[in-house]
Amino acid sequence: MNEIRDTVDAVYREESRRVLATLIRVLGDFDLAEEALHDAFRAAVEQWPRDGVPANPRAWLVSAGRFKAIDRIRKLARFDPLADDFDERLPDEASPNLDAMLDEDLEDDRLRLIFTCCHPALPSDAQVALTLREVCGLTTEEIARAFLAAPPTLAQRIVRAKNKIKVACIPYEVPERDALPERLDSVLRVIYLVFNEGYAASSGASLTRHDLSAEAIRLGRLLVELLPEPEATGLLALMLLQESRRAARASAEGEIILLEAQDRSLWDRTMIAEGEVLVTRALASRRFGPYTLQAAIAAVHTEAVEPEATDWAEIVGLYDVLLRVDPSPVIELNRAVAVAMCDGPAAGLELVDALLARGDLADYHLAHAARADLCRRLGKANEARGAYERALALTRLEPERRFLEGRLRELSG
Amino acid sequence: MKYLCLVYYQESDINAMSQNDWDTLNGECMAFGESIVESGHRLGGDALEPTHTATTVRVRNGKVTTTDGPFAETKEQLAGFYALEAKDLNDAIQVASRIPPARFGSIEIRPVRQLVPEDNTR
C-alpha cells in the first residue's frame with residue numbers, strides 16, 4: 001500500500017506539470033485544470049491500490065481529471081438555469097480516443113503552457129509569477145517568499161493574469177514560426193529574471209533564493225528539451241556557468257568575493273563542463289544572440305585555471321560582437337572593464353568616463369564602482385573615494401554595501 | 001472575439017511629413033482597410049480628424065461643461081480606430097501589426113465587453 005503511495009508521489013513529481021498542461025488545453029481553463037489535477041491524483045490514490053498502477057499513468061490522470069471536471073461543471077449547471085453556455089464549455093463528451101486527446105505526436109503541452117504564461121500581453125511580474133506557479137508548480141507562498149512580496153499581493157497578480165488570459169482571449173498555443181523570435185525572447189527573459197533573483201541575492205538571504213536559481217535552470221532545461229533553439233541553449237549555458245561559481249562567490253560570513261579572488265577549486269566543474277558543451281553547440285548554429293554571447297564570455301572565465309590565465313582579449317572581442325547585437329550601456333560598461341584588463345586601467349577609465357558623461361548609467365551603482373576601482377588602480381585616491389561614495393549611495397544590497405565600505409576604508413588606511 | 005484597435009501617433013510626426021508622404025500613408029491605410037474586409041476581420045472603423053478639432057464634454061453635478069480639445073494632453077494622440085472580429089489575441093495582434101501607423105505610433109488592442117443587466121464584470 002505504501003509502495004503505491006510512493007509511486008503516486010513519484011508520478012506527481014515527474015508528471016503533474018505535464019498533466020496540468022494537457023488539462024489546461026483540454027478544459028480551456030487554468031483554474032478548472034488545477035482542480036481537475038487534484039481530483040485526478042486523489043482518484044489515483046484511491047484506485048491504483050485496487051486496480052494497479054496504469055501502464056500510462058499520465059493518460060489515466062488526464063482522463064480522470066477531465067471526467068471529474070465535466071462532472072463538476074454539470075453539477076454547477078444544475079444550480080444555474082441561466083448558464084446555457086455550459087454545454088459549449090464542455091469538452092467533447094464523446095472523445096473516445098485518449099491518444100488523440102493527449103496529442104502525443106504534436107507539441108508537448110508544457111511548451112504551450114510556457115509560451116502562454118510568458119505572453120508579452122501579460123505584465124512582466126505576472127509572467128514570472130504565473131510561470132513559477134503553473135510550469136514549476138511552486139505555491140503562491142513560496143513564490144511570494146522568494147520575491148520578498150506579500151502572498152496576497154502575489155496571489156492577486158496571478159488572479160489578474162489568469163483573468164486577462166480569459167478576457168483578452170490569449171490562446172493556449174505555441175507561436176507560429178514568424179512570431180517565435182519575439183515570443184521566445186519573452187520566455188528567456190522570464191527564466192533569466194527568475195535566475196537573477198536567485199543569483200544576485202547572496203547568503204544571508206535564505207535558501208529560498210538559491211532554489212530560485214535551481215528552478216530557473218530546471219525551466220531552462222525543459223525549454224531546451226522542448227524547443228532546442230540556439231538562444232535557449234545559450235541561456236541554459238549561461239545559467240550553468242554562472243551557477244557553477246556559487247560556492248566561491250561569497251565567504252562563510254556572506255562577504256562578496258570578486259571573480260579574481262575566488263577559490264576556483266570551489267567551482268562546480270560538472271556544471272562548467274555541461275555549460276561549455278552547450279555554448280559550443282549554440283555558437284555552432286550561427287543563429288545565436290545575446291544570451292549565447294554572454295555564456296561564451298562566462299566560458300572564457302571558467303576555462304581559466306587561475307585569474308592570470310584569463311584570455312581578456314577574447315572577452316573584449318566577444319563584447320564587441322555582443323554590443324552589435326545588444327547595444328546596451330551596461331554591456332558597454334562590462335566591455336570597458338574587460339578593456340582595462342587587456343590594455344590597462346587608463347584605457348578602461350577613458351571608456352567609463354565617456355559612458356558616464358552620456359548620462360545613461362548615472363544611477364547605476366556598478367558604473368561608479370567600476371570607475372572607483374579603475375581610479376584606485378591608477379593611484380587616483382581622491383577620485384576613487386568619490387566614486388565609491390557615489391556607488392554606496394546607489395547600492396541596495398547589503399553585501400555590496402559592506403564591500404564598498406571595505407574598499408573605502410582601504411583607501412583611507 | 002471582438003476587439004477595438006485604437007490607433008495613436010504623434011500628430012507632430014504627421015505634420016512634419018510632405019503632402020506626398022501623407023497621401024501615401026493614407027493610401028496604405030485604405031489598402032489595409034480593404035484587406036481586413038477581405039479577411040473577414042473588419043467590423044468597422046474610421047480615421048479621425050486631428051485633436052484640435054475635438055471637443056470634450058463632461059457633466060458634473062448636473063452641469064454640462066464643454067471644453068476645446070481632446071480629453072487630455074497625451075504624448076501620442078488618437079488618430080483612428082478599427083473594430084475587429086479576430087480568432088484570439090494573437091490573431092488580433094497579427095492584424096494590428098499591419099496597421100500602417102503601427103510603424104511609428106502605437107496600437108492599443110482592447111477586448112470588447114458585453115453589457116448585461118446584472119453581475120457585470122470589472
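This is a predicted model: local features need pLDDT of at least 70, side-chain atom pairs count only at pLDDT 80 or more; totals for chains, interfaces and linings use all residues.
Residues are numbered from 1 along each chain as its sequence is written, and chains are lettered from A and ligands numbered from 1 in the order in which they are written.

**View 1. Secondary structure and burial in chain A.** Chain A holds 21 helices and zero strands; helices (H or I, at least four residues) and strands (E, at least two) are DSSP runs, numbered from the N terminus. Of its 413 residues, 38% count as buried. A residue is buried if 20 or more other C-beta atoms lie within 10 Å of its own, exposed if 12 or fewer, and partly exposed in between, with C-beta atoms placed from the backbone. Among contacts in chain A between residues at least 6 apart in sequence, 59% join residues at least 24 apart; two residues are in contact if their C-beta atoms, placed from the backbone, lie within 7 Å.

**View 2. The contact between domain 1 and domain 2 of chain A.** Chain A is divided into domain 1 (2-101), domain 2 (107-227), domain 3 (231-302) and domain 4 (311-413), with bounds that come from an automatic or database domain assignment. Ten residues of domain 1 of chain A are in contact with nine residues of domain 2 of chain A. On the side of domain 1 that touches domain 2, α1 (2-27) and α2 (30-51) of chain A each supply at least two residues, and α1(A) gives the most, with eight residues. The residues of this side of domain 1 comprise four nonpolar, two polar and four charged. Here Ala, Val, Leu, Ile, Met, Phe, Trp, Tyr, Cys and Pro count as nonpolar, Asp, Glu, Lys and Arg as charged, and the others, Gly among them, as polar.

**View 3. Helix α2 of chain A.** At 1.5 Å a residue, the 22 residues of α2(A) should span 32 Å, and the end C-alpha atoms are 30 Å apart, which agrees; the expected span is 1.5 Å times one less than the number of residues. A kink of about 30° lies at A:V45 in α2(A), shortly before the proline A:P49. The bend at a residue is the angle between axes fitted to the seven residues ending there and the seven starting there. The buried residues of α2(A) are A:F30, A:L32, A:A33, A:A36, A:L37, A:A40, A:F41 and A:A44. These buried residues pack against α1, α3 (57-78), α7 (124-135) and α9 (151-167) of chain A. Just after α2(A), A:G52 takes a positive phi of about 90°.

**View 4. The surroundings of A:I191 in the largest nonpolar core.** The largest nonpolar core has 118 residues, of which A:L23, A:I191 and A:V352 touch the most other members. Such a core is a set of buried Ala, Val, Leu, Ile, Met, Phe, Trp, Tyr and Cys residues joined through C-beta atoms within 7 Å. Leaving aside its neighbours within four places in sequence, A:I191 is in contact with A:A216, A:L219, A:G220, A:L223 and A:L235.

**View 5. Positive phi in two loop residues.** Most residues other than glycine have a negative phi. A:R286, in the loop between α14 (269-284) and α15 (290-303) of chain A, has a positive phi near 60°. A:R286 is exposed, because 7 other C-beta atoms lie within 10 Å. In chain B, the loop between β3 (55-60) and β4 (63-68) contains B:N61, whose phi is near 50° and also positive. With 4 C-beta neighbours inside 10 Å, B:N61 therefore counts as exposed.

View 6. Chain B has three helices and six strands, which run β-α-α-β-β-β-β-α-β from the N terminus on. The C-alpha trace of chain B spans about 50 × 35 × 20 Å along its principal axes, and 15% of the 122 residues count as buried. B:L78 is found in strand β5 (residues 77-85) of chain B. With 18 C-beta neighbours inside 10 Å, B:L78 counts as partly exposed. Although B:L78 and B:V7 are 71 residues apart in sequence, their C-alpha atoms are 5.9 Å apart in space. Not counting residues up to four places away in sequence, B:L78 touches B:L6, B:Y8 and B:L48.

**View 7. The contact between chain A and chain B.** Chain A gives six residues to this contact and chain B gives five residues. The side of chain A that touches chain B has six nonpolar, no polar and no charged residues.
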